[in-house]
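Please look over the sequence and the model before reading the points below.

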Amino acid sequence: MVRSTQLLHPHQEPARILSAATVLLLRDGPQGLEVLMTRRSMTASFAPGAYVFPGGGIDAADALAHPHAKRRATQSDLHLTQAIAAIRESFEELGILLARHANGQMANATDIAALDRHAAQGKFAPQCATRGLTLAADEVFVLAHWITDRDLPRRFDVPFLVARMPDAQTPVADEKEQFEPVWVRPADALARHAEGNFFIIYPTIRTLERLQSYATVDSVLADCASEQPWFTSCPRAGWLGGKEARYMEHEAPFGELALTCPDGQMLHHLDWVTDQPVLLLKNVQRLTAPNPGVMTGPGTNSYLVGDPDTGYAAIDPGPADTEHLDRLWRAAGGNIRYIVCTHSHPDHSPGAAPLQALCEQHGHKPPILGLASQPTARAHSAFTPDRELDDGECLVLQGKDATHTLRVIHTPGHAANHLCLVLEEDGLLFSGDHVLNGSTTVIDPPDGNMHDYLNSLDKLLVACEQDRIDFILPAHGYVLGNLWNEPHDARACITHLKAHRLKREAKILKVMQQHPEGSMDDWVRQAYDDVPPRLWPVAMRSLLAHVERIRSLG
């Protein structure tokens, strides 16, 4: 767990979360699936003027209305209460009533006209019962689960539910909370929003994006039969290109926003810059080298760990780029105590010697630490440190008020001399190229070894448990980790990565078995058919590593 003393911003208590429910009413239109949306009042306290799905707060009376509702055998009490709330809100706001008579007939216009849409709290379900109607909660399914972003002044825990629109009913807005009901295809709603004439908010956008891949109401409802939401998300916000940007848990910037602004403060800028350091914590800075590319992403991340009192450890100084190394030295105030290379590849270690020389010019010569390249390494990856680091060794930066301890973990696989570092006091893993954000690392034999790589992932999982690691700081890409409400977030990332590798290996094995006489070119085309052909030459390296492992296992 990150020490509170190292966080960049003071604690900010997010707004209290209120329970709510919303429902997507669907129908099969002439050109495909359509969803009912309505415009919120311009004076609404939340998302004024936005086009939304009908819904609102869950009342205490909704939980008491279970006897007046029909439920599925697999529908929990909570989901039943949420469905009742969504039915009530769609009736109050749009005059749509999901309720049936004893003979199974859905409520019609006559039933709706006989009911009071604005009845006092707790009267909705009883008046339906008086009319002989039972709430059709069994026809309302969980679609997604949203928790309003931490930075917003009003927050809701809200399931997005889904139901088929009754045939014999017509939406009529209450003209108080909701206006202008409209049937729209998800793709058209997104296009109109992009044009600037159909304002929708982030959760609505992301739900519509997922919904647009479905052709019929039946296909949506079939996917909801498990009673599990498509996803549960409490997004995080930052700045990108000078504009507000929000991200869900599976998206690349989410972990970085969680690390830098854990309480949801919208203060972190996500633009990749090479001319200045990016503060991730008070004791962690990232400086990205100006070497973007297919293999390096936005560039190689160099990290400075420490503070002016303890001095700094420079992790992965990167290529021998004079300006980058000067920025690294200046960001540390010249007080670099260690230079550590996670491995010897040319985008990681060549800057070590010139950075050491720069420090020496100013009266201090920090040691270059790491593991020497092996004979299997390519010529451009030759590297010899001043001293080799032992597995489990600790590098300590000690000051008057703080200590920063980096523990070494040998992790061969991507390279024979690869290592990772754990910042023990803050539960951070500096993963080098072993774990990346946005792509899987290349395993390039003979220096790369897939069997070693997978074993090293297991080793990192142990470290995640031991050190309560929440975040992974890779050599390429944003910080990884901190899925919403998950206790072992870095572990989840590593577990997913290993599963992905083994799934790819199973696909390769199947191709090998089906085409035993095929060439490596044949195999890469079929085993990596989900990867753009321009990347097949790179994929070929990892394919070879998988083939070697498969053959070694018999």
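Which residues of α10 are buried? They are A352, L355, Q356, L358 and C359, where buried means under 20% relative accessible area with a 1.4 Å probe and protein chains only. These residues cover an arc of only 155° around the axis, so they lie on the same side of α10; the arc is that of the directions from the helix axis to the C-beta atoms.

The model is predicted: local features need pLDDT of at least 70 and side-chain atom pairs count only at pLDDT 80 or more, whereas totals for chains, interfaces and linings use all residues. Residues are numbered from 1 along each chain as its sequence is written, and side-chain values use heavy atoms, with hydrogens and water left out.

**The chain as a whole**
- The protein chain has 14 helices and 25 strands, which are DSSP runs numbered from the N terminus (helices H or I, at least four residues; strands E, at least two).
- Of its 554 residues, 56% count as buried.
- Along the principal axes, the C-alpha atoms fill a box of roughly 85 × 65 × 40 Å.

**Around α10**
- The cover over the buried residues of α10 includes β16 (311–315), α9 (322–331), β17 and β18 (368–370).

**H345**
- H345 is found in the loop between β17 (336–340) and α10 (352–361).
- H345 counts as buried because its relative accessibility is 17%.
- Leaving aside residues up to four places away in sequence, H345 touches P350, S381, H414, A415 and D433, a contact being heavy atoms within 4.5 Å.
- The side chains of H345 and H343 make a polar contact (3.4 Å), that is, a pair of N or O atoms within 3.5 Å, one able to donate a hydrogen and the other to accept it.

**The second largest pocket**
- About 1000 Å³ of space lies in the second largest pocket; a pocket is an open set of points on a 1 Å grid where a 1.4 Å probe fits, with protein on both sides within 12 Å along at least five of seven lines.
- Its lining has 42 residues, of which R40, F46, A47, V52 and I201 lie nearest the centre; lining residues have an atom within 4 Å of a point.
- The largest share of this lining, five residues, comes from β1.
- The lining residues divide into 22 nonpolar, 11 polar and nine charged.

Terms used
Points joined across faces, edges and corners; volume = space filled by probe spheres on them. Nonpolar A, V, L, I, M, F, W, Y, C, P; charged D, E, K, R; others polar. Buried < 20%, exposed > 50% of the residue type's maximum accessible area, 1.4 Å probe, protein only.
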